[in-house]
Amino acid sequence: MKLRSWLLALVCISACGWAQAVTLRVANQGDAQSMDPHSLNESLQLTFTSNIYEPLVARDKKLGLSPGLATKWTQTKPTVWRFELRHGVNFQDGTPFTADDVVFSINRAAGPGSDMQSYTSSFKEVRKIDAYTVEIETTTPFPILPDSLTNLYMMSKKWCEDNKATTPVDRRKGIENAASFRANGTGPYRLKERQPSSRTVLVRNGTYWGKVDGNVDEVIFTPIGNAATRVAALLSGEVDLMEPVPLQDVERIKASPALKVMQGPELRTIFLGMDQKRDELLFSNIKGKNPFKDKRVRQAFYQAIDIETIKTRVMRGASLPTALMVGPGVRGFSPEQNKRLPYDVEAAKKLMAEAGYASGFEVGMNCPNDRYVNDADICQAVAANLARIGVKVNLQTETKVSYFPKILRRDTSFYLLGWTPSTYDAHNALSSLIATPNDKGQGQFNLGSYSNPKVDELTVKIQGETDQAKRNAMIKEAFDLHSEDIGHLPLHQQALAWAMKKNIDLTQLPDNYMPYRWVTVK
Amino acid sequence: MLRIVVQQRLQMLAFILRRFAQAIAVMLAVAFIAFMLFQYVGDPVTNLLGQDATPAQREQLRADLGLDKPFPLQFVRFVGNALQGEFGLSLRQGRKVSSLLVERFPATLELSLVAAFLALLLGLPMGVYAALRRGSFLSQLLMTLSLLGVSLPTFLIGILLILVFAVLLQWLPSFGRGELTDLGGWVTGFLSVDGWKHLILPATTLAVFQLTLIMRLVRAEMLEVLRTDFIRFARARGLPNRVVYFGHALKNTLVPVITITGLQLGSLIAFSIITEQVFQWPGMGLLFIQAVTFADIPVMAAYLCVIALVFVSINLIVDLLYFVVDPRLRAEPGSKAH
C-alpha cells in the first residue's frame with residue numbers, strides 16, 4: 001500500500017513536472033567556444049550566445065531586419081546612424097539596459113581581444129545622446145550599418161566591470177575572464193550551467209521583455225563530436241534535436257517513425273579558386289606561363305565540372321548548384337543571374353585546344369577535409385571530371401588547421417573555399433573574395449588574386465551608396481563582370497540538415513542559426 | 001650488520017635518484033618531440049579569428065602568442081613556464097590549461113580504472129579456464145573470441161556496442177558521463193546509478209583489448225607453470241587439483257600478470273582517446289583530440305607531458321616494487337656468491 005502510493009506520487013511528480021517544464025536536449029557537432037559574445041566571430045558561437053544576449057538590430061524568420069534592443073534606426077547623415085533604444089529592458093541580473101551599455105558594448109567589441117572588429121572597423125565614434133538614444137558615426141558613408149550590427153550583442157557595463165570582464169579574454173596574458181563561462185544578457189534564456197565540451201544548460205528568462213513563440217523552458221546543449229554517436233543519441237531518444245546530420249544517415253533517420261529531418265539551403269557558397277596572378281603556377285608542369293591567366297582555360301574547367309552528378313552522388317541531393325558567389329537570402333542575390341554555363345565536355349576540350357593545351361596539363365589542387373560538407377569528396381569528383389579534358393589534378397586534402405594557414409599564404413594554385421557573407425550582404429563577398437587584394441584587408445580571401453579594376457571600382461561605390469536601387473544595380477553589374485571573366489568556379493550552396501523528433505516545430509534559418517525561442521515541442 | 005643496512009639504504013636512494021633523473025630526461029625528450037611535431041599540426045590563428053579579420057590582425061596575434069618564433073625558442077619558453085607549473089591558457093577555450101586537465105582527469109581515471117578491473121576480473125578466470133580445460137569447446141571459443149577482441153579496432157567495438165545497447169535495445173546511454181557528484185574538486189560518476197549506466201559501454205569498449213591480453217597472458221603463463229617441477233611434486237604429494245591449480249600454479253602466474261596490468265593502466269589512461277571520442281566522454285583524451293583539431297598547442301603540450309608523467313611514475317613504482325620483491329636486485333655486488 002505504502003509502496004503503491006509512493007509510486008503514484010512519483011509518477012505524478014514526473015508527469016506533472018513534464019507537463020510544466022519543456023526540456024529540449026540538443027546535440028551539435030561542436031561546442032560554443034566561450035560564453036563571451038565578442039570573443040569569436042563564428043556562427044555556432046554567435047547563434048548559441050544569441051539566446052542569452054541580443055543585438056540592437058535583430059533578424060526575423062526570413063533574415064530581414066527587425067527591431068531588437070533598438071526600436072528604430074535612421075540615417076541622419078551619410079556617416080551617422082541614430083538608434084532609439086527600447087525602454088524597460090533589464091539585464092538578467094536586474095540592471096536596466098541603457099545607452100551606456102550600448103556605448104560600452106560596441107567599444108568592447110571594437111577593442112583589444114575582440115574578434116568582432118570587422119563589424120566595427122569603420123566606426124569613428126559611438127555617442128550617447130540621452131539615456132535611450134545612441135549615434136554611431138562612421139569614417140565613410142555606411143548604408144548597411146544596421147545589417148552589420150545583427151551579430152553584435154549588448155552586454156551590461158556594470159556587470160562587465162564588476163566581473164573584470166571589460167574586454168574579452170586575452171589569451172596572450174594568461175588571465176581567465178568571467179565572461180567566458182558566465183553570462184548576463186537581456187535575451188530570452190539565461191545561462192544556468194556551463195561545462196565546456198560536455199554540457200551547457202539554458203533556462204527561460206522569466207523577465208524577458210519580448211514575446212517568445214516557442215514553449216521550451218530548458219535547453220540542455222551537448223556537443224557530440226563523433227557523427228555516428230550523434231545519430232545514435234537521436235535514434236535512442238537521448239537527445240531531441242541534433243545537427244548536422246551526416247548525409248549518409250539522412251534516409252535512415254527519415255525511416256524512423258518518430259523522427260524527421262529538416263533540410264534547407266545554407267547561405268554558404270562553395271566554390272573553386274585559381275591562381276591568376278603568378279606568371280608561373282606553383283604547382284603545375286607548365287613552366288614559364290600560367291594557364292589560369294587564360295579565360296578559355298578557366299571556362300574549360302567550369303564547363304568540365306559535372307555539377308549535377310556532384311549534387312546527386314557526392315551531396316546526395318543536399319546541394320543547390322549555383323553560378324553566383326552568394327546564395328539566396330543574401331542581399332544582392334538575383335535569381336535571373338544565377339544561370340550556370342552548361343556542363344559540356346566537348347566544348348571544354350575545344351576551349352583547352354584553342355588555348356594551346358589540347359593534351360591538358362598537370363595542376364596541384366588544395367582542399368580541406370573537415371570544414372565543409374563532403375569537401376574532400378567534392379574535390380575528388382572535380383579531379384575526376386577534369387581528367388576527362390586531359391587535366392591531371394594532383395589533389396592534396398588536409399585538415400582545416402593546416403589548410404587555411406596554407407591557402408592564406410597563397411601557397412596554392414587551385415583551391416576550394418566556402419563563404420557566408422557575415423553581413424548577409426553581397427558587398428562582403430565582393431570585397432573579401434572578388435576585389436583585388438590590398439594591404440587593408442580587401443580581397444583577403446581572393447586567394448588566386450582575381451583582379452578586375454572595374455569590379456574594384458564598383459565594390460568601393462557599393463559600400464558608400466545609400467540608394468538601394470542603385471546599389472543593387474551596381475552589385476548586379478559587378479557579379480556580371482565577375483561571371484563574364486570566370487573569376488572563380490562557383491559550385492553550390494550546401495544544404496543544412498537538422499534531425500529531430502517529430503513533435504518538434506522550429507524555424508530553420510539559412511545562416512544555420514537556431515534561436516531556441518522559436519522552438520515548440522508539442 | 002648496521003653498515004650493510006646503511007649501505008643498502010644508500011644504494012636504494014641512489015637507485016631512486018637515478019630513476020628520477022631518467023624520468024626527467026624522458027619528460028624533456030617527450031616535450032621536445034611534441035614541440036617539434038607542433039610545427040606540422042597547423043596554425044591556431046585562423047581558428048581564433050573569424051573570416052573577416054585582417055591579415056595585420058592575424059600577424060599581430062601570431063606574434064603575441066609567440067608562434068612566429070623558431071621552435072627551440074618556443075620550447076624553452078614552454079619548459080620555463082612548465083617548471084613553474086604553468087601551462088598557459090588554452091587557445092580554444094581561453095581557460096587555464098592546468099585547471100582544464102585537473103577537471104578532466106577524474107573522468108579518464110574512473111573510466112580507466114573500471115576498464116582495468118573489468119579486464120582483470122573477467123580475463124583472469126577466463127585465462128585459467130582456457131589453460132586448465134585446454135582443447136574443450138568453451139576454451140576454444142574463448143580463444144577465438146579473444147582473437148577478435150585483439151584485432152577489432154576500438155572505435156568499431158564502441159560503435160557496435162552503441163548500436164546494440166543504446167539504439168536497438170535502448171538499455172544504456174550512448175554518450176557522456178550522466179549524473180555527477182562533486183566531491184570537492186573530484187567530480188565522480190561512481191555515486192549515482194545514472195553515472196554507472198553511462199560508464200558501462202565505454203568501460204567495456206576500453207576493457208576488451210586488455211581483457212583478451214590478460215586472458216591470453218594468464219593462459220600462457222599458467223601452461224608454463226603447470227609444466228614445472230614443483231607442480232609435479234605437488235601432485236606427487238597427492239594434493240587435490242584445486243590446491244595445485246589455485247594455491248600453487250595461479251599464485252606463481254600472477255606476478256607477471258600484475259606487472260603487465262599495472263603497466264597497462266598507463267596505456268589505458270593514455271589510449272582512452274578513441275573511446276572517449278566515440279562516447280563523448282569528457283576526459284583528457286577528448287580534450288586532447290579537440291585540441292589537435294584546433295591546433296591548441298598549450299593543451300596538446302601539457303597533455304603529452306602529463307601522459308609522459310603517468311607512464312614514468314608507473315614505471316618508477318614498478319621498478320621500486322621489483323626492488324622490494326626481488327632480493328637479487330638488492331644484493332650488493334660482493335655477496336653474489338651466496
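This is a predicted model: local features need pLDDT of at least 70, side-chain atom pairs count only at pLDDT 80 or more; totals for chains, interfaces and linings use all residues.
User: How are H8(B) and H10(B) oriented to each other?

Analyst: Helix H8 (residues 193-226) and helix H10 (residues 241-270) of chain B have axes 9 Å apart and pack at an angle of about 155°. Angles over 145 degrees count as roughly antiparallel. The crossing in which H8(B) passes H10(B) is right-handed. The two helices H8(B) and H10(B) are therefore roughly antiparallel to each other.

User: Which residues make up the contact of H8(B) with H10(B), and how do they divide by class?

Analyst: From H8(B) the contact takes B:Leu206, B:Gln210, B:Ile214, B:Leu217, B:Val218, B:Glu221, B:Met222, B:Val225 and B:Leu226, and these meet residues of H10(B) that include B:Ala249, B:Asn252, B:Pro256, B:Ile260 and B:Leu268. By class, the contact of H8(B) with H10(B) has 12 nonpolar, 5 polar and 1 charged residues.

User: What is the orientation of H5(B) and H6(B) to each other?

Analyst: Helix H5 (residues 97-132) and helix H6 (residues 137-151) of chain B pack with their axes 9 Å apart, at an angle of about 125°. H5(B) passes H6(B) in a left-handed crossing, and the residues that meet are B:Met126, B:Tyr129 and B:Ala130 in H5(B) with B:Ser139, B:Leu142 and B:Met143 in H6(B). By class, this contact of H5(B) with H6(B) has 5 nonpolar, 1 polar and no charged residues. As for the angle, H5(B) and H6(B) are therefore oblique to each other.

User: Which residues does B:Ala115 touch, not counting residues up to four places away in sequence?

Analyst: The largest nonpolar core has 184 residues, and B:Ala115 is listed with A:Ile378, B:Met300, B:Ala302 and B:Tyr303 as those with the most contacts inside it. Leaving aside residues up to four places away in sequence, B:Ala115 touches B:Ala203, B:Leu206, B:Ala207, B:Gln210 and B:Leu268.

User: Is A:Ile310 buried or exposed, and which residues does A:Ile310 touch, not counting residues up to four places away in sequence?

Analyst: A:Ile310 is found in helix H9 (residues 307-314) of chain A. Because 21 other C-beta atoms lie within 10 Å, A:Ile310 is buried. Beyond residues up to four places away in sequence, the residues that A:Ile310 touches are A:Met315, A:Ile378 and A:Ala381.

User: How many residues of helix H12 of chain B are buried?

Analyst: Helix H12 of chain B runs over residues 284-294 and is mostly covered. Among the buried residues of H12(B) are B:Met284, B:Leu287, B:Phe288, B:Ala291 and B:Phe294, while just after H12(B) the residue B:Ala295 takes a positive phi of about 60°. The number of buried residues in helix H12 of chain B is 8 of 11.

User: Where is B:Gln280 placed, and is B:Gln280 buried or exposed?

Analyst: B:Gln280 has a positive phi of about 50° although it is not a glycine. The residue B:Gln280 sits in the loop between helix H11 (273-278) and H12 of chain B. Because 23 other C-beta atoms lie within 10 Å, B:Gln280 is buried.

User: In which loop does A:Pro244 lie?

Analyst: The peptide bond from A:Glu243 to A:Pro244 is cis, with omega near -5°. On the chain, A:Pro244 lies in the loop between strand S11 (241-243) and helix H7 (250-255) of chain A.

User: How do the residues of the side of chain A that touches chain B divide by class?

Analyst: The contact takes 38 residues from chain A and 42 residues from chain B. Helix H6 (227-235) and helix H12 (400-408) of chain A each supply at least two residues of the side of chain A that touches chain B. By class, the residues of that side of chain A are 12 nonpolar, 20 polar and 6 charged.

Key. Residues are numbered from 1 along each chain as its sequence is written. Chains are lettered from A and ligands numbered from 1 in the order in which they are written. Axes are lines fitted to C-alpha atoms, for helices over the stretch in contact, and angles run from 0 to 180 degrees between N-to-C directions. Helices (H or I, at least four residues) and strands (E, at least two) are DSSP runs, numbered from the N terminus. Angles under 35 degrees count as roughly parallel, over 145 as roughly antiparallel, 65 to 115 as roughly perpendicular and the rest as oblique. A crossing is left-handed if the near helix is turned anticlockwise from the far one by less than a right angle, and right-handed if clockwise. Two residues are in contact if their C-beta atoms, placed from the backbone, lie within 7 Å. Ala, Val, Leu, Ile, Met, Phe, Trp, Tyr, Cys and Pro count as nonpolar, Asp, Glu, Lys and Arg as charged, and the others, Gly among them, as polar. A nonpolar core is a set of buried Ala, Val, Leu, Ile, Met, Phe, Trp, Tyr and Cys residues joined through C-beta atoms within 7 Å. A residue is buried if 20 or more other C-beta atoms lie within 10 Å of its own, exposed if 12 or fewer, and partly exposed in between; C-beta atoms are placed from the backbone.
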